[in-house]
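Visitor: Please show me the model. I want to know what each label rests on.

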Amino acid sequence: MKKNTTENKLLTFFSSIKLTIFLLLALAATSVIGTVVEQNLNSFEYINRYGQSVYDIFKLLNITDMYHSWWFLLLICLLVLNIIICSIQNLKKTWDIIFVKNPKFNINQFKKYKNRVQILSNLPLEKLIETVETKIIKKYSYKKTDRTKNGIIFFAEKNRWVKSGVYIVHLGVVLLLVGSLIGSLFGFDGYMNIAEGERNNVVKTGGSNKIRLLDFSVQCDKFNVLFYDSGMAEEYKSTLSIIENSKVVLKKDIVVNSPLRYKGINLFQSSYGVLDPEKIHAEIYNRQAEKIYEFDTVLGKKITLPDDMGILTITNYHKSFNFKGRKMGKAFTGVLNTADKDVFDIVMPYPFFEIKPSDQADLSSMINMLCTKRSKAYVEKIPVSFLSNKTKMVYKKIVEFGQSVKIPEDTGSFILTELKKSYSFKGHNLGETYMGKVTYPSGDTVHIAIPRKYPKFDKMRNGKVIIKIEDIPAKEKEAAFLPVISNFHSKYYTGLQVTKDPGVYTVYLGFIFIISGCFIAFFMAHERICIILEKTKKQTKIMISGKSDKNAQGMKIKISQFSRSINKKR
Amino acid sequence: MDSSNIFSITTFVYGFACIMYVVFWIFKSKISGKIATAVLIFGSILNIAGIGLRWSETYKLGFGHAPLSNLFESLTFFSLTIALLYLFVEFKYGKKILGVFASPMAFLAIAYASLGTNSQIAPLMPALKSNWLIAHVLTCFLGYAAFAIAYGISIMYLIKISESVNKMSIVKQLPDITVLDDLTYKMIVFGFFFLTLGIITGAVWANSAWGRYWGWDPKETWSLITWFIYATLLHARLIKGWAGKKIAYLSIFGFVAVLFTYFGVNYLSGLHSYGS
């Protein structure tokens with residue numbers, strides 16, 4: 001017996017409307033959190049914004065991915081349980097109402113309704129009965145007539161089944177959640193980047209470098225982006241081929257709202273990018289020889305120039321190059337090693353104006369601006385300063401790569417190891433950076449980095465001595481020539497969102513149930529009407545009355561319409 | 001004459017309708033009541049004309065899209081849906097006084113559009129190029145408009161039951177509390193249906209554009225929060241029998257969520273940023 005009561009208590013709890021209201025409001029309130037605290041950022045970003053202690057709380061409560069947290073899913077599961085138990089408990093009652101064979105009609109109730117109309121008619125009873133049968137109760141699905149002593153009673157009813165509307169809605173909600181569960185268990189969501197002309201079947205899913213291989217390859221035949229005159233993107237279009245067993249089985253152009261679907265996998269246009277240029281066509285004007293040389297190259301390739309001009313390497317391509325504080329758009333950068341062992345850093349803007357050999361002065365200043373000679377020291381000897389935190393003294397030394405120097409005030413030794421082209425710190429590229437190693441008197445070593453752009457970078461180490469590398473101002477020496485990029489070709493790559501969601505049909509079915517259920521439950525009414533015809537001495541007494549479970553106003557109007565149409569002669 | 005001019009005129013016409021409704025309320029002047037309705041109808045016709053003209057203007061500029069693509073356009077449409085839905089309620093239930101609270105919302109929406117937003121016609125960004133745009137925006141705004149009117153009626157309800165003012169004659173003028181309560185409920189049912197449709201059309205659209213029907217984007221989430229609040233209201237009323245004051249408060253609370261879904265979300269980052 002005792003077990004029975006706890007069971008009952010549990011059932012009452014899970015079927016209670018109080019629980020429904022609590023869960024709906026709790027879901028509403030907690031959902032707000034995820035719209036205020038941006039979701040799924042990296043931990044560094046959260047600590048930066050909110051501090052370590054707040055982040056610890058976030059982690060504890062899964063706030064950083066709250067819509068998939070255990071407590072949010074628990075709320076949803078409780079809601080589903082609440083819906084299912086409630087529905088099962090009430091279904092029996094509603095079932096009996098909907099599928100009753102002989103609905104009961106209580107005349108006395110109909111006589112009490114406020115909307116009832118009573119009129120007297122001069123028309124014969126037979127005529128009235130005919131009108132009621134052909135004009136009024138025709139539209140009702142269930143009809144019943146009772147002959148009385150001197151008249152007839154009609155009962156009619158329709159839309160008894162609309163009581164099922166609410167179950168349809170709730171079934172829809174459950175289907176929706178089941179569908180999303182199927183999706184999260186058996187589906188995936190990832191992306192792949194494919195360069196024009198290439199193919200791939202590797203999809204990256206999730207943040208943690210997980211991958212998934214498709215059963216087929218996707219080839220990007222062409223990517224194109226169209227722009228409006230205002231510069232706003234108008235359309236991104238990828239021409240894709242699906243390749244299976246080295247045969248093209250499907251070819252389709254996809255744009256943002258028109259994906260490709262194949263074997264349950266959906267490919268959506270989501271981003272694009274430009275790859276580093278290939279096939280760079282460049283030319284060099286040699287002032288001394290008054291000649292123009294043309295050549296083709298690629299990034300990183302060493303080109304030996306004729307007439308002992310040296311070796312040119314175009315090293316980088318910049319989509320938007322920042323030159324002496326000014327944005328200059330697309331540009332290439334490179335290094336020129338001349339025959340007399342000078343090294344020039346060269347900026348090659350694109351597009352460049354045409355070289356006119358007559359404008360010697362202009363060309364000269366242009367060369368001066370774009371070609372910067374590296375001083376020998378920059379390459380070999382580096383001035384390093386050591387700033388003591390204790391005594392505030394600054395010690396300056398010239399250091400060569402690989403040479404161990406003592407750090408003043410007996411705090412250890414320092415070796416400058418290399419100059420790196422780029423250095424990544426917490427996701428940011430800090431550019432050219434000196435790398436070094438400090439050995440403390442205790443024997444412990446620490447690697448340090450000093451970006452050229454941030455000479456005081458070592459401050460962050462909190463060491464006894466701050467190591468600082470003063471950048472050497474490059475000595476101006478004119479290069480003899482200026483390489484110019486006349487054109488280049490670079491490929492686009494298309495960024496595809498790749499998804500598989502076997503639950504989506506269940507979700508859509510849920511949508512259909514929710515919409516149709518809501519329509520039935522809100523806008524269709526269960527209607528019952530009763531018409532009594534009763535012969536008096538000369539006339540016929542007519543009473544019409546009805547009930548609608550939703551639209552009382554509409555029922556009232558309907559009844560007065562019935563009363564008018566019933567009494568018409570024709 | 002371009003569409004911006006027509007919207008400016010519409011703003012004044014709606015403003016005039018508001019004044020006439022208030023005159024009707026305070027001075028019980030039947031003639032101003034009739035004028036108010038007529039002016040509001042005229043305003044909606046202008047509003048429709050403005051939207052139609054703007055639509056044709058987008059074609060002239062070579063873009064050709066329904067004028068529902070940014071905050072300005074959505075506000076002009078919002079104001080039209082409020083006006084039309086209110087007129088429907090007025091004709092169906094014959095309670096002109098509701099106009100005192102409904103017409104200012106149509107006026108405020110279009111006034112905000114004219115004064116506070118960028119009215120330039122811009123081409124559509126790739127993500128908006130879809131037939132779902134019209135279905136999604138239409139259903140959402142029918143829902144929002146119904147909630148706006150429900151909010152107005154709930155305010156009337158609270159004024160009517162407030163002991164400090166309910167002896168005043170202009171408060172006595174307000175419809176009976178049972179009528180107000182019933183109309184609030186009816187508007188919310190209507191709004192809930194269309195909000196549901198709006199969320200679902202949005203989900204289907206998102207699935208065809210981005211490959212997922214739900215992504216917890218702030219706008220999506222806030223529309224769901226709004227849906228939860230009104231779902232609570234409906235369950236509390238239909239099963240627990242809540243009525244009157246509690247429903248009025250929930251309806252106001254729900255409309256605050258609607259406003260946040262519409263405007264507030266623009267301050268959070270997300271995919272619906274073109275709404276700003």
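Guide: A salt bridge is a side-chain nitrogen of Lys or Arg within 4 Å of a carboxyl oxygen of Asp or Glu. By that rule, the count between chain B and chain A is zero salt bridges. This is a predicted model; local features need pLDDT of at least 70, side-chain atom pairs count only at pLDDT 80 or more, while totals for chains, interfaces and linings use all residues. Side-chain values use heavy atoms, without hydrogens and water.

Visitor: Why is the pair Glu38(A) and Arg49(A) called a salt bridge?

Guide: The closest N and O atoms of Glu38(A) and Arg49(A) are 3.5 Å apart. The limit is 4 Å, so the pair qualifies. Glu38(A) sits in the loop between α2 (17-36) and α3 (43-50) of chain A, and Arg49(A) in helix α3 of chain A, 11 residues apart. Helices here are DSSP runs (H or I, at least four residues), numbered from the N terminus. Over all chains, the structure holds 16 salt bridges.

Visitor: How do you know that chain B touches chain A, and with how many residues?

Guide: Contact means heavy atoms within 4.5 Å. On that test, 41 residues of chain B are in contact with 43 residues of chain A.

Visitor: What makes up the area buried between chain B and chain A?

Guide: Buried area is the accessible area (1.4 Å probe) that two parts lose on being put together, summed over both. Here it is about 3,900 Å², and carbon and sulfur atoms give 73% of it. In chain B, Phe193(B), Tyr213(B) and Trp216(B) lose the most area to chain A, together 17% of what that side buries.

Visitor: Which elements of chain B give two or more residues to the side that touches chain A?

Guide: They are α7 (177-209) and α8 (218-238) of chain B. α7(B) gives the most, with 13 residues.

Visitor: What makes the crossing of α1(B) and α3(B) left-handed?

Guide: A crossing is left-handed if the near helix is turned anticlockwise from the far one by less than a right angle. The crossing of α1(B) and α3(B) is classed that way.

Key
Residues are numbered from 1 along each chain as its sequence is written. Chains are lettered from A and ligands numbered from 1 in the order in which they are written.
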